[in-house]
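User: Good morning. I am new to this structure and would like to ask about a few places in it.

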Number of protein chains: 2
Amino acid sequence: MAESMKGLHRSHRCTEVSNQNIGETVTVMGWVQKRRNLGSLIFIDLRDRSGILQLVFNEESVGKEGYEKAERLRSEYVIAVTGKVEKRSAAVNESLKTGDIEVIATDIRILSEAETPPFQIEENSQTKDEVRLKYRYLDLRRPDIQKNLMLRSKVAYLMRDFMAKEGFLEIETPMLCKSTPEGARDYLVPSRVHPGHFYALPQSPQLYKQLLMCSGYDRYFQIARCFRDEDLRADRQPEFTQADMELAFVDVEDVLDVNERLLKYIFKEAIGVDVTLPLPRMPWQEAMDRFGSDKPDTRFGMELCDVSKVVEGCGFSVFTGALENGGSVRGINAKGQAGMPRKKIDKLVEFAKGYGAKGLAYLAVNEDGTYKSSFAKFMTEDELKALVSAMQGEPGDLLLFAADKNKIVWNVLGALRLELAKELDLLDPNQYNFLWVTEFPLLEWSDEENRFMAMHHPFTMPMEEDWDKIDSDPGSVRAKAYDIVLNGTELGGGSVRIHQDDIQEKMFEVLGFTKERAHEQFGFLLDAFKYGVPPHAGLAYGLDRLVMHMVHADSIRDVIAFPKVKDASCLMTQAPGIVDKKQLEELGLEVEEVSEE
Amino acid sequence: MAESMKGLHRSHRCTEVSNQNIGETVTVMGWVQKRRNLGSLIFIDLRDRSGILQLVFNEESVGKEGYEKAERLRSEYVIAVTGKVEKRSAAVNESLKTGDIEVIATDIRILSEAETPPFQIEENSQTKDEVRLKYRYLDLRRPDIQKNLMLRSKVAYLMRDFMAKEGFLEIETPMLCKSTPEGARDYLVPSRVHPGHFYALPQSPQLYKQLLMCSGYDRYFQIARCFRDEDLRADRQPEFTQADMELAFVDVEDVLDVNERLLKYIFKEAIGVDVTLPLPRMPWQEAMDRFGSDKPDTRFGMELCDVSKVVEGCGFSVFTGALENGGSVRGINAKGQAGMPRKKIDKLVEFAKGYGAKGLAYLAVNEDGTYKSSFAKFMTEDELKALVSAMQGEPGDLLLFAADKNKIVWNVLGALRLELAKELDLLDPNQYNFLWVTEFPLLEWSDEENRFMAMHHPFTMPMEEDWDKIDSDPGSVRAKAYDIVLNGTELGGGSVRIHQDDIQEKMFEVLGFTKERAHEQFGFLLDAFKYGVPPHAGLAYGLDRLVMHMVHADSIRDVIAFPKVKDASCLMTQAPGIVDKKQLEELGLEVEEVSEE
């Protein structure tokens, strides 16, 4: 019974009608959000992506047939209504953009009827995720998700606009690539023309963008889909979107400069947030020492304090043992939390253990200056005093200590600091603390592989001033790598790349690559590097995550139109699915029988 | 031996330096295109993506060390040079943008040395495709390819800019989709989490964009990668890029209107071509009758002429036989080609046979008014006169006829017309003839399947005025489908979609779908359609092809950074490749042994 819209033209979206149009005839189209009958009047809230507009039907204006149609309307019917804009007769609805007007219908067509949806289309829906994702096309009608996706579209547009004006070229790189054994797990695509051979979907356009620099494209940008076949976490999807750039003839400063201006531009234009430039910078070592994290949330203090020197030779063997093993003792000061109940402290200890700590030592400075502590009995009064003083402990403070290898201490206290900030409500969502973390270590020792691994990737440029230590103390060489951090989240990262073959060769040597292996894995890039390669550097943002933080979404699924769930399936389309035998035959593939466990 | 660029900042790209900078000191960076020694002077043509700039080295200005470096320079070395801009001492080089200036070097750094490349980096390279594609990173340095990719970037930017301003949202749709048995062959992606199950890479975002309309996004746009595992032709790639849109609450006119303005905008801004609006339109039937093609090149005439009525009952059984079989006799008039040698005509006959003709009848009107013809002997003088007159044949003209089923006649003469136009040089590459082809048939009879098939797809809206013939004469029902054609190439196409469930049901019935089958294939879309669906319509461009025509490239590979060759492999990365056994085990897959044939 759907009517055609032949001859009709929408004149306005719902909230494009305003009190400026009073007296005019408009034609609006959208979904019925709500119908109310009030005496002989029928009120319809009409919804489109712009918002809500109130329509009023009385038989006098809309005629008998039209009135009868209005009486039939139910939620989610799609209608086209022509009518006259009037000042709202009842009280103004302040919560609506169009709350001071209404449209007195003179004509209505029902463009589409609707069954009762499995859940109400409304903001902050309490419907279970599984149901919402099965009916994603209905879930996507919710104004909050629409707002998210509209903002995402705007952010992508603003990025491209900015990058184009800065001379970046958007160049598309392949999706059907070659599988490389390093890194995360690839999604494979079997080849039909070459049975037994596979493409891989790209984990990032890294090699291609470096090639484009070799080829003289100078400034490359792409908003590119990337894929990783890893087990999913809350903020991960099997396919994700990267805003990816690479620049030739630049050093760190140039990359940071253009990205700071990019961020300022999109935060201002998209969500009206003023970002002050230049953004603060912090070397990796300082970030670890002060915040126990390479992506510190600087919206609050509670910084780590290294008390190794202070507790040296004290009577508490947990502390001294850690020091003897080459580790450290560090603490954080939870101001005013001395009264924290034992039960809660025990929970913090458990939390710390989840991050690899063997335990968590605490000392509460009571208001009367006495201590309540898990380890006071092992230390002298003087030792305790020195410790409290080093921690700037005052009456009312709760001091928490971890003692272990540096890496564990940082991990534990970094996480504990964030956990406490959440509990104590120290995180202002409307504060935007950007931070560059720079000078990352070039290499990272792997106990598992018993060798140094590249912290970023094997093409990351070492800092000139450290390069002479590459043989004597490789672990201390810093890299020209940088991450951009917002409120404790890594939004993106990148590095200057090696463009000198002697440095590259040395890097492979340090990483324990034979020449053969290096060639096998990165052959075409190394070949390309023989024919004249400019200095170049780049950076990539996780676009999903960036938008997620701009709209304060809880889940990455709230900023992706058709997301997948934890097992990488789509509840709406039921992908992945079974395919025809014929399709597999053409690919020369057999599916192993899986025993149902 | 590569030097660092530490402390250096590029001040200009090569051709950003102009005679406005004479007397200034600039720093430029790029690749050595050419070195010439002239007495004690060394001339370097420096190349970057902007073009060429001449550098001059004399020992006095650049110093001994610098001069020695300059002496070492060879093609494709990457250098950074600081120097003073001067009026060119020798004759101005008119072929260069910077032909009236040169930079007298005062400092030089060699940022990267280069081996001799396997081929010279130059425009219109004659190097074999295979070599160019193996060393694609070198091939991409050629100024003509750089120009293509820069234009492509600009076109994509202009499109997005235009669409954003028209209220379109760019919304990303999934790449890991569900395989559907209809249409072209899918690329499959095996699932690790669900062994034996597969994703499919999208052939187009069609279903997702229709869902977004159901969800109220109103105007959707995306430049989306699409995939088809089909055997490649010259202008096809396994992955290709589609500029894709969908609009709610619209009819044909709205879609055509916004797309005409889009095309006008990008052709003007990208290549300076003025497109006059509105674009001409032609119903499918007229296009076939006049040009034998649903994508006619209207840059020249030589239109088809239906002479069935004229030859009815004539003595030539090839003509009358075709008519008796329900076919037609049509001809084209190659003006002034009466003198075409018999050998060449024979070639045309062979060409026609390649398009399904059993033969090609010809009649040359000699300058003296006599005829030279393959069939004149079968017809009376009067019959021949009538035929020549119907064809508006004049002395000097060559008339070519095909007689067969309509479809074959159109095919043959449509192709012949283009072939002759090429031979006779009738195609002006700088003329841009756009054309909307509209009112396509809704259905197409398939002898193979012995049923009607959807010509576009099963969701294409029939024309209201024809709908009553859906039972009595389904083949005559026209669709609200449209293609945009430029100079004989289909740039894009689309349709209004069915949004009424009664029409949709009828369509499936006509197509011979059971309800079960329809649900199996399009279930989630049909479900979505239950909950209120707006009238909607869309269109998609093949972006690769569009850009190809804007730059007059011969091959689609000239507008794609990293294309694949005919067997869908990448000669640079050697994708697809063999993968680790472990990867296949994780996917629960076995590769069948392939016997080498």
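User: Where is Asp229(A) found?
Analyst: In this predicted model, Asp229(A) sits in the loop between strand E9 (219-227) and strand E10 (239-248) of chain A.

User: Is Asp229(A) buried or exposed?
Analyst: Its relative accessibility is 2%, so Asp229(A) counts as buried, the cut-off for buried being under 20%.

User: Which residues does Asp229(A) touch?
Analyst: Not counting residues up to four places away in sequence, Asp229(A) touches Arg185(A), Asp186(A) and Tyr187(A), together with Arg192(B).

User: What about Glu230(A), where is its place?
Analyst: Glu230(A) is in the loop between E9 and E10 of chain A. Glu230(A) is partly exposed, because its relative accessible area is 27%.

User: And which residues is Glu230(A) in contact with?
Analyst: Leaving aside neighbours within four places in sequence, Glu230(A) is in contact with Ala184(A), Arg185(A), Arg236(A) and Arg192(B). A polar atom of the Glu230(A) side chain lies 2.7 Å from the backbone nitrogen of Arg185(A).

User: Which residues does the UniProt "binding site" annotation cover?
Analyst: According to the unreviewed UniProt entry, the annotation covers Arg228(A), Asp229(A), Glu230(A), Gln237(A), Glu490(A), Gly542(A), Leu543(A), Asp544(A) and Arg545(A). Of these residues, Leu543(A) is included in the lining of the largest cavity.

User: Changing topic to chain B, which residues of helix H13 are buried?
Analyst: In H13 (residues 501-510) of chain B, the buried residues are Ile503(B), Gln504(B), Lys506(B), Met507(B), Phe508(B) and Val510(B).

User: What do they pack against?
Analyst: The buried residues of H13(B) pack against strand E18 (443-446), strand E19 (451-454) and helix H14 (515-528) of chain B. Just after H13(B), Gly512(B) has a positive phi of about 75 degrees.

Definitions and conventions. Residues numbered from 1 in each chain as written. Chains lettered and ligands numbered in written order. Predicted model: local features only at pLDDT ≥ 70, side-chain atom pairs only at ≥ 80, totals over all residues. Heavy atoms only, no water. Buried < 20%, exposed > 50% of the residue type's maximum accessible area, 1.4 Å probe, protein only. Helix = DSSP H or I, 4+ residues; strand = E, 2+ residues; numbered from the N terminus. Contact = heavy atoms within 4.5 Å. UniProt positions renumbered as here; feature names shortened; annotations may be inferred. 1 Å grid on protein atoms, 1.4 Å probe; cavity = no way out; pocket = protein on both sides within 12 Å on 5 of 7 lines; lining within 4 Å. Polar contact = N/O pair within 3.5 Å; in protein donor to acceptor, adjacent residues only side chain to side chain.
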